[in-house]
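Open the model in your viewer and keep the selection panel at hand. The tour goes through the ligand site and then a sheet.

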Amino acid sequence: MLSLPDTFPEFPAFPAGEVWLAGAGPGDPRLLTLLALHALSQAEVIVHDALVDKRVLGLASPRASMIPVGKRGGQPSPRQSDINTILIEQARLGHRVLRLKGGDPFVFGRGWDEAIALAEAGVYFRIIPGLTSGLTATALAGIPATTRDTNPAVVLAAGHRAEDGSSKADWEALGRLGQPILLYMPLLQLPDVMSALQRGGLAAETPAAFIQSASKPGARVVETTLARLVDDAALHGVTSPTIVVIGVIASLRNRLGGFLVDWQ
Ligand SMILES: C[S@@+](CC[C@H](N)C(=O)[O-])C[C@H]1O[C@@H](n2cnc3c(N)ncnc32)[C@H](O)[C@@H]1O
């Protein structure tokens with residue numbers, strides 16, 4: 001077990017009736033924050049998404065009750081309002097409730113909706129950030145999110161449609177911006193998004209990469225170009241969870257010359 005130096009700051013107590021809204025990182029439990037690990041050991045009820053790795057859930061107290069609320073086996077996701085209700089009810093029952101989400105709770109994770117619902121219900125909560133998959137997947141793949149020479153900005157964007165069916169990002173404008181894009185939930189709308197980015201002005205040969213299952217078993221990186229993204233997704237059988245990187249940063253890993261030691 002982890003042993004921390006005596007000088008390590010104390011962990012906060014997890015009061016009964018409180019909800020801790022935590023990010024579990026991209027998968028590998030070694031990428032959890034120490035606060036998230038502490039929360040797992042203290043929580044009595046854990047309300048978790050499907051994307052939270054089983055190895056992370058395995059670190060919970062054996063006495064904790066698990067409430068899965070993620071999309072499973074092609075079933076529709078539970079409604080956000082139902083998840084909010086579960087969190088509020090469990091807190092009102094006096095439980096120490098851990099709401100565990102993949103990555104970071106405030107990056108495409110509906111963490112804000114839950115924070116607002118808890119605040120409106122008068123339930124105290126804490127937010128524990130997690131490593132967001134876009135920035136972790138790129139780092140593990142040897143792709144820098146920014147470098148001094150290439151890009152002063154990087155865009156985190158969601159490739160799926162918003163719940164009302166409309167796509168919120170202005171892809172042509174993002175294409176004109178010319179800054180690298182880390183695309184979460186990329187697969188459903190990939191053809192539309194790729195066409196719009198090119199209409200916006202991104203060159204067909206812009207480097208791109210899929211990073212699938214970062215930090216999980218079967219993790220892989222597929223390098224491609226903007227024009228070939230859609231065909232290569234099919235050719236290589238790319239599946240969720242995947243981050244798509246679009247921009248000059250996607251090809252920089254080739255300069256590492258094989259010295260980047262494999263994750264695991
Ligand atoms: C609903 S979003 C949640 C994002 C999460 N809150 C975060 O900060 O990473 C789910 C998307 O995150 C990305 N993702 C999550 N875990 C991943 C992983 N281990 N490897 C690659 N992509 C991942 C995929 O794009 C997936 O479709």
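A polar contact here is a pair of N or O atoms within 3.5 Å; within protein, one must be able to donate a hydrogen and the other to accept it, and residues adjacent in sequence count only if both atoms are side-chain atoms. The model is predicted: local features need pLDDT of at least 70, side-chain atom pairs count only at pLDDT 80 or more, and totals for chains, interfaces and linings use all residues. Residues are numbered from 1 along each chain as its sequence is written, and side-chain values use heavy atoms, with hydrogens and water left out.

Select the ligand and Thr 132. An N or O atom in the side chain of Thr 132 is 2.6 Å from an oxygen atom of the ligand. On its own the ligand has 570 Å² of accessible area (Shrake-Rupley method, 1.4 Å probe), of which the protein covers 90%.

Next, colour domain 1 (19–128) and domain 2 (133–256), whose bounds come from an automatic or database domain assignment. Both give residues to the shell around the ligand, so the ligand lies between them.

Now select S1 (residues 19–23) and S5; strands are DSSP runs (E, at least two residues), numbered from the N terminus. S1 and S5 pair in the parallel sense over four bridges, where pairing needs at least two DSSP bridges. Ala 22 stands opposite Ile 128 in S5.

Finally, show the whole open sheet: its five strands run in the order S3-S2-S4-S1-S5, with parallel pairing. Strand S3 (65–68) and strand S5 (125–128) stand at the edges, each with a single partner strand.
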